[in-house]
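Here are a few exercises on how two chains meet in a predicted model. Have a go at each one before you read its solution.

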Amino acid sequence: MNPNCESCAVHNSNHLRRLGLDMGSFDYMVALAGNPNTGKSTVFNALTGLKQHTGNWPGKTVTRAEGGFAYGDKRFKLVDLPGTYSLLSTSVDEEVARDFILFGRPDVTVIVADATRLERNLNLTLQILKITRRAVLALNLIDEARRHGVSIDDRALSRELGIPVVPMAARQGDGVDALLKMIHEVATGSYVCRPRQVKNKNRKLERAVQKLVEQIHALYPVLPNADWLALRLLEGDERIIGAFRNGTISELTRGEALQTPAVEKVYE
Amino acid sequence: MNKSSGPHEENNRAIEELLSNARDLRWTVGDDIHDQLLKNIYEQAADISDKVVRHDGKKRYDWDQKLDRFLTGRWTGLPMMLILLSLVFWITIVGSNYPSAMLSGLLIDSLHPLLKNFFSGFLPAWMSGLLIDGMYLTSAWVVAVMLPPMAIFFPLFTLLEDFGYLPRIAFNLDGLFRKAGAHGKQALTMTMGYGCNAAGVVATRIIDSPRERLIAIITNNFSLCNGRWPTQILIASLFIGAVAPPALSGIVAAGAVIAVALLGIFFTFITSWGLSKTILRGEASAFSLELPPYRPPRFWQTLYTSLIDRTAIVLWRAVIFAMPAGAVIWLISNITVGDLSLAEWFIRALDPLGGLVGLNGVILLAFIVAIPANEIVIPSILMLTVLSLNLHGMGTGAGVLFEPDSLNSYMQLFHQANWTLLTAVNLMLFSLLHNPCSTTIYTIYKETGSWKWTMVSTFLPLALGFIVIFFVTQWARIAF
């Protein structure tokens with residue numbers, strides 16, 4: 001390695017302490033989401049030092065795995081979610097992932113994407129960005145993409161999505177430092193994400209959503225993902241309807257006002 | 001407490017209003033929101049991707065596709081699958097012979113008498129019997145019988161997995177599953193079951209439709225799990241391989257194991273088909289399966305993780321279950337009621353049923369003792385056979401049964417207990433077709449939340465097992 005790398009600000013792995021299963025008290029919770037077979041478990045292992053078995057096939061992880069790491073002066077709890085292609089339909093693994101991002105309220109959601117199949121991976125990314133505003137895109141398998149003659153303008157991608165994008169080759173450990181740095185920045189709020197919101201072209205649908213969002217905001221003024229919830233209600237999602245009735249939704253507003261004073265503006 | 005009930009009720013009213021509003025609005029927006037949303041997202045994803053992704057346009061030699069054409073080809077896919085799996089078993093069978101004999105020589109022939117002598121010095125006889133003849137000996141058998149095949153099989157299987165071969169198996173079998181009215185992804189959960197059925201049952205979460213998920217759960221037990229591979233491998237090497245000329249015995253034994261595994265796949269299809277035509281009626285749903293790129297496995301890391309994580313964990317679990325099972329076996333063999341030990345009462349009670357289906361009371365009792373973990377079937381059979389033959393002096397000097405060459409000594413023991421080729425075949429079949437282990441049963445209950453389906457998953461394979469070995473036995477007795 002180039003000796004200059006060690007002193008460079010980007011080289012942060014000496015600030016990383018892998019805590020394995022020690023997650024006793026943590027400052028921030030980080031969720032690891034993404035399509036199946038994009039290397040989530042590899043990223044998980046690289047950060048926590050755990051040796052969760054990884055496998056080269058979609059559907060390998062169907063339960064949540066948890067681990068911890070410390071970076072800078074902060075302790076992080078990392079939750080590896082099952083890989084899914086979307087958050088819309090209702091298989092159990094998609095529900096586990098969706099419920100965690102929604103109700104578990106992670107401080108940062110790391111979306112692991114396969115650089116060789118970016119378009120498909122963006123489908124999930126855009127859906128996640130409707131639920132949470134604090135996310136980092138880990139553009140994994142960048143080495144494989146390069147081998148296939150694919151290059152990705154990660155800065156342009158970051159501008160388009162409104163969240164940090166970190167090119168990675170997690171199997172080789174490349175990009176782990178940069179990912180840690182971005183997780184830290186988003187968690188502490190020194191990087192403010194402005195995630196792209198998918199606009200509805202259908203006017204009728206948009207009006208219906210607006211109506212419901214107004215009502216939801218009258219109930220919970222600081223709810224961060226009201227229009228996503230409105231869409232789910234329009235679709236008749238039983239789980240979300242139940243969450244409104246039993247008070248789980250009102251839980252989501254806890255502490256929200258402090259972290260995001262600009263919340264009203266997003267929905268102007 | 002009542003203080004907040006006013007605003008609380010108001011809140012509830014507002015929520016109900018919101019929900020009923022949503023219900024009303026649902027009619028105005030049409031029933032294709034789901035598709036519209038998806039379309040919206042897909043368009044934007046394509047749009048972003050167009051802006052940021054550049055292809056260099058060079059045509060590369062695409063060995064991925066060439067290999068896929070071969071490994072998932074219409075005519076080559078299934079034969080290649082058989083060849084690859086046979087190779088894995090053959091290496092496992094041939095490779096585990098020698099270390100098994102060594103471990104058995106060390107742990108059972110040398111260490112056992114030493115321990116026995118040492119502890120008999122100051123412990124009461126019943127206690128050294130319980131600890132050494134019961135708990136230690138069963139655990140030692142678990143290690144000697146299971147460790148070598150596991151230490152070879154797991155890394156090989158993990159290498160195939162990391163290379164990206166498992167989804168190809170699913171791809172090859174997808175059409176067959178569809179014909180059976182089941183979900184194509186069941187091929188993946190079935191493959192998971194080859195590691196551990198409890199894990200396979202959890203893995204069925206990737207199947208969306210509850211009907212197809214239940215089928216996958218119920219049939220997962222037909223995938224031979226970690227705990228049963230060593231049973232298959234040992235019995236196949238001892239009895240089936242022995243029928244063939246020595247030069248071919250490894251290949252024949254591997255072939256027998258493959259045959260049992262294929263029979264499991266056959267039963268998976270038949271049962272799936274039967275269920276989807278009767279109590280779980282319905283059409284197979286469509287799905288897309290992603291074939292991941294082949295990735296060269298990182299050899300040493302795979303070796304390390306599969307040895308440390310898989311082999312050690314499975315072995316540990318086996319030993320944990322073997323110790324109490326060993327204690328139970330020793331106790332029921334030494335507690336006498338009337339003039340017989342409890343074990344002998346059980347064995348005598350089970351012998352008629354065992355005889356009817358071509359097994360014996362000892363084997364059936366061993367399968368009952370081994371409900372917590374399939375790993376201890378063979379050690380339990382060994383223990384119970386020794387005890388039921390009244391060979392209590394075994395390994396202590398008097399009437400030494402065990403030669404240093406472990407495989408031969410197992411053979412001697414089984415012959416003394418009147419085992420035949422038929423007993424061995426039936427044992428292999430019954431090991432494939434019987435109730436899942438208690439961990440899996442509990443997992444099935446947790447995943448389905450239903451006692452009914454848990455019971456179906458438990459007793460359906462058991463009933464099938466008895467039916468199959470009954471007919472095999474009757475046929476064999478008439479034919480030979």
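**Exercise 1.** Find out which way strand S7 of chain A and S1(B) run, and how many bridges join them.

*Solution.* Start with S7 of chain A, which covers residues 150–152. Follow its pairing over to S1(B): the two strands are antiparallel, with 3 bridges joining them. Now pick out one facing pair: across from Val53(B) in S1(B) you'll find Ile152(A).

**Exercise 2.** Work out how much area chain B and chain A bury between them, and how many residues each brings to the contact.

*Solution.* Count residues to begin with: chain A gives 64 and chain B gives 63. Then take the area, since interface size is often quoted as the accessible area lost when the parts come together. Here that comes to about 6000 Å², and carbon and sulfur atoms account for 58% of it.

**Exercise 3.** Look for the salt bridges between chain B and chain A, then say which helix supplies the largest share of chain B's side.

*Solution.* The salt bridges between the chains number 3. One of them pairs Asp47(B) with Arg196(A), whose closest N and O atoms are 4.0 Å apart; that counts, because the cut-off is within 4 Å. Next, see what supplies chain B's side: the elements giving at least two residues each include helix H1 (5–29), helix H5 (125–163) and helix H12 (299–334). The largest share, 17 residues, comes from H2(B). Finally, sort that side by class: 32 nonpolar, 12 polar and 19 charged residues.

Technical notes: Residues numbered from 1 in each chain as written. Chains lettered and ligands numbered in written order. Predicted model: local features only at pLDDT ≥ 70, side-chain atom pairs only at ≥ 80, totals over all residues. Heavy atoms only, no water. Contact = heavy atoms within 4.5 Å. Buried area = accessible area lost by both parts, 1.4 Å probe. Salt bridge = Lys/Arg side-chain N within 4 Å of Asp/Glu carboxyl O. Helix = DSSP H or I, 4+ residues; strand = E, 2+ residues; numbered from the N terminus. Nonpolar A, V, L, I, M, F, W, Y, C, P; charged D, E, K, R; others polar. Pairing = 2+ DSSP bridges.
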